[in-house]
Amino acid sequence: MIVPLRNERSNVDTFVSDLAAQDFEGELEVLVADGASDDGGIERLRAAAREAGLPLQVIDNPAGWVSPGLNACIREAHGDLIVRLDCHSRYPTDYLRRCAEVSEQTGAWNVGGRLVPTGTTPIERAVACAMDSPFGGIGWTRSSGGRRVDTDTVTFGAFRPEVFERVGFFDEALLRNQDDEFNMRLRAAGGRIVLDPAITVVYRPRGSFGGVWRQYFEYGLWKVPVMLKHRRIATIRGVVPLVFVLGTVALLGGALRSRVARRLLLGEWLLYGALGTSFAAHGVRRRDEEWRLLPGVFAAFLAFHLGNGSGQTVGLLRALRRRRR
C-alpha cells in the first residue's frame, strides 16, 4: 500500500484501524510518503501502526505534493499489487481483498471501485448528495448496473507493478490530476482499467462551498496541462464545464448589445437551473436526506461546474500566454 500524506494527525487513527481490520490474508507493507508534516501526525502514525502490528515504512517527500510521494513509495514497493490509499477516506474490511481478487480475475493493470461520499455536517451531506449524482458528480459510475466495467479512470487504484515498468511513473510536474494523466498513458499502452462497484471507498467531502470550489478549480486548472501533454481530450464529460463557463461569458458579453444573446443566456441558465434542481431533488430523495439540504446540493453543483470550468479557462489562458512568449 502506498500513501502520500502531509499533516494528517486527525485522520491517522481511523486510517490505521481500517488497515488493521482488513480481511486480506496475504502479506502487507505500508509505505507512507511524508510531505514534511509538522503537526505530529507522523509520530502518531508510527505509534498507531506499531500498536496495530502493521509493517510501516515512512519515506521523506520533501517536494510536498502527491506525485513525487507516490513515485518514492513505488520505488520501494515489493508486493504483487500496489494499492494507492488516502488518509481522508475510509476503507471497508474487504477493500484490499476485493482489489486483489479483481486484479487477479481480470488481469487489468489498474482496478478500483466506487466512491461513496458521506458527510456529517449539513454542508458535507449536501456536497455528498451532489457528488453522488450523475449531474457532474461521480454517479455516472452507477450506470454499470453493479457489473464490472472497463473505464478511463478509477479512484486511487490498485496497480500491477509491471505497469510502472511499461508506462513510467506519475508525472511529478502535476500538482493535481496526476492519476488521470497516468491512466491515459496506461490505456494508450494497451492496459485495462476495471471498475468494480463492489469495491467501495467512503469519502468525506469538503466542509465548505468555498473549499469545494477551490478543489474543483484546481482539478480544472491541472486538466489543461494533461490535455496539452497528450494533445487530446481525455473525455467529453471532462470539458463540459469549460464549455458551460465559456458559453456563459460569451453570452454575457453579447447581452449588452444583442437581444438574441440575452435570450440564449436566459435559456442556458433556466435549463441549468431546471436540471440542477431536478438532480438535486433526486439525490436528496434517493439518499433519504432532509429536504432542507436541497439548496445546498444545488450550490454544490455550481461549485463543481463553475470551479472546474473556471480552472480550465485559466489553464488555457496561461498556456496561450506561455505559447506567445
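Among contacts in the chain (heavy atoms within 4.5 Å) between residues at least 6 apart in sequence, 79% join residues at least 24 apart. The model is a predicted one, in which local features need pLDDT of at least 70 and side-chain atom pairs count only at pLDDT 80 or more, whereas totals for chains, interfaces and linings use all residues. Residues are numbered from 1 along each chain as its sequence is written, and side-chain values use heavy atoms, with hydrogens and water left out.

The chain contains 11 helices and nine strands, taken as DSSP runs (H or I of at least four residues for helices, E of at least two for strands) and numbered from the N terminus. Along the principal axes, the C-alpha atoms fill a box of roughly 70 × 50 × 40 Å.

Of the 325 residues, 49% count as buried, that is, under 20% relative accessible area with a 1.4 Å probe and protein chains only. The chain exposes about 16,000 Å², of which carbon and sulfur atoms supply 55%, the areas coming from the Shrake-Rupley method with a 1.4 Å probe.

With a disulfide defined as a pair of cysteine sulfur atoms within 2.5 Å, the count comes to zero. C87 is in no disulfide, and the nearest cysteine sulfur, that of C73, lies 11 Å away. C87 is buried at a relative accessible area of 3%, and C129 also counts as buried, at 1%.

Conventions:
Buried < 20%, exposed > 50% of the residue type's maximum accessible area, 1.4 Å probe, protein only.
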